[in-house]
Amino acid sequence: MKREAKRQAGKIKRIIPKPKKVGLAPGTLVYTGERAEQPIKISVIDYLGDSFEEREVKSVEEVSHLRKTERIFWINIDGIHNIEQIEKIGKQFDIHSLVLEDVLHTTQRPKLEEYENYIFVVVRMFIYNPATHEIKNEQLSLILGKNYLLTFQEDIGDVFDSVRERLRKGGPKIRSSGPDYLAYALIDAVVDSYFHILEKTGENIEGLEDSLLTNPGKEILHKVHQLRRDLILLQKSVWPLREVLSQMQRNETGMIQSSTEIYLRDVYDHTIQVIDTIESYREMVVGMLDVYISSLSNKMNEVMKVLTIIATVFIPLTFIAGVYGMNFKHFPEIHWKWMYPWGFWIFTITAIMLMLLYFKRKNWI
């Protein structure tokens, strides 16, 4: 039973602040997520025009020389539990300790912070697992510099396969644009994944609506509450993202090119669509709770109606049994030969049939 509760609670990780940094100085690096056993995976993609290279490295020191070139490069770090590696990355790219602190503090809400040489962006990424029907929620941190983009993920696995494929195939727009366009492409992939999650959520809502009408039960109620919690979490993740995209369009640091702003407006519109869909689904789920209560009440009324009819049918029979069960000496009809078959059973059956006929005419049964 505990395992089942733990499994249900783990479908989407809640964004709950963990008190691991109480009393520590600002900028102290403490990883607040679930510590993974596998080592950190660092992958690098660098390109310039038709030149393209993709590889994995053991340390960012191997590719730090790219900062001094004109090449555009994307460093993706899967796993942020190794604080020593995160500190090295911060030193190589002159990243403020407060930014690294936010990278490691994995319950951040989506936000954007501007610094002199880079922009720091936090978004929430959701990944649907079709095998287990579970949704993994994790923090995605992006640091956008002059010719580089750093991304920090909590675990291996993301929604960026389409972006990587475009880079490999030499998409003219993504290859010829700067790292700001690459950052847009990643955020756009995250927002597109929200639509996929909402599509699955809509299918679950339709299935639960049918089940609520036919067989309302505690298991259905639990699933409805789970959907409601998931939609609340999605809403908390998407609402701040709208402001992040708006800030990126108004950015004055020069990190976001004017040619990229039109694409950011498109992602902004998609975010509004996601928010509207979430609101609609939340109203539907609230309505499902009302339907559950109504269905449960109707089911109970049906049971009470059947029991009431049975009790009503047996009232005259109980009366007859009570009368003839009294120990009086003189009961004239008792000595009649046909009293039991005619006097008792015929009268009893006739009374039952008349009552059932009356209930039928009243549409009570």
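**Cores and helix packing**

Guide: Let's begin with W74: leaving aside neighbours within four places in sequence, W74 is in contact with S43, V44, I45, L149, T151, F160, R164, L167, L182 and L186. Do keep in mind that this is a predicted model.

Visitor: Which residues have the most contacts inside the largest nonpolar core?
Guide: They are W74, L149, F160, L182, V224 and M248, in a core of 61 residues.

Visitor: And which elements give two or more residues to this core?
Guide: Strands β1 (41-48), β3 (72-78), β5 (119-129) and β6 (134-144) do, along with helices α4 (161-169), α6, α7 (218-249) and α8. The largest share, 16 residues, comes from α6.

Visitor: What other core lies apart from it?
Guide: Another core, of 28 residues, which includes L66, I77, L150 and F152.

Visitor: Switching to helices: at what angle do α6 and α8 pack?
Guide: About 15 degrees, with the axes of α6 (residues 179-214) and α8 (residues 258-323) 10 Å apart. That angle is why α6 counts as roughly parallel to α8.

Visitor: What residues make up that contact of α6 with α8?
Guide: It divides into 22 nonpolar, eight polar and four charged residues.

Visitor: How about α8 and α9, parallel or antiparallel?
Guide: Their axes cross at roughly 150 degrees and come within 10 Å, so α8 and α9 are roughly antiparallel. The crossing of α8 and α9 is right-handed, whereas that of α6 and α8 is left-handed.

Visitor: Which residues in α8 meet α9?
Guide: I309, T312, V313, P316, L317 and I320 do, and their partners in α9 include F344, F347 and F359. The contact of α8 with α9 has 11 nonpolar residues, two polar and no charged.

Terms used:
Residues numbered from 1 in each chain as written. Predicted model: local features only at pLDDT ≥ 70, side-chain atom pairs only at ≥ 80, totals over all residues. Heavy atoms only, no water. Axes fitted to C-alpha atoms, helices over the stretch in contact; angles between N-to-C directions. Helix = DSSP H or I, 4+ residues; strand = E, 2+ residues; numbered from the N terminus. Parallel < 35°, antiparallel > 145°, perpendicular 65-115°, else oblique. Left-handed = near helix turned anticlockwise from the far one by under 90°. Nonpolar A, V, L, I, M, F, W, Y, C, P; charged D, E, K, R; others polar. Core = buried A, V, L, I, M, F, W, Y, C linked by side-chain atoms within 4.5 Å. Buried < 20%, exposed > 50% of the residue type's maximum accessible area, 1.4 Å probe, protein only. Contact = heavy atoms within 4.5 Å.
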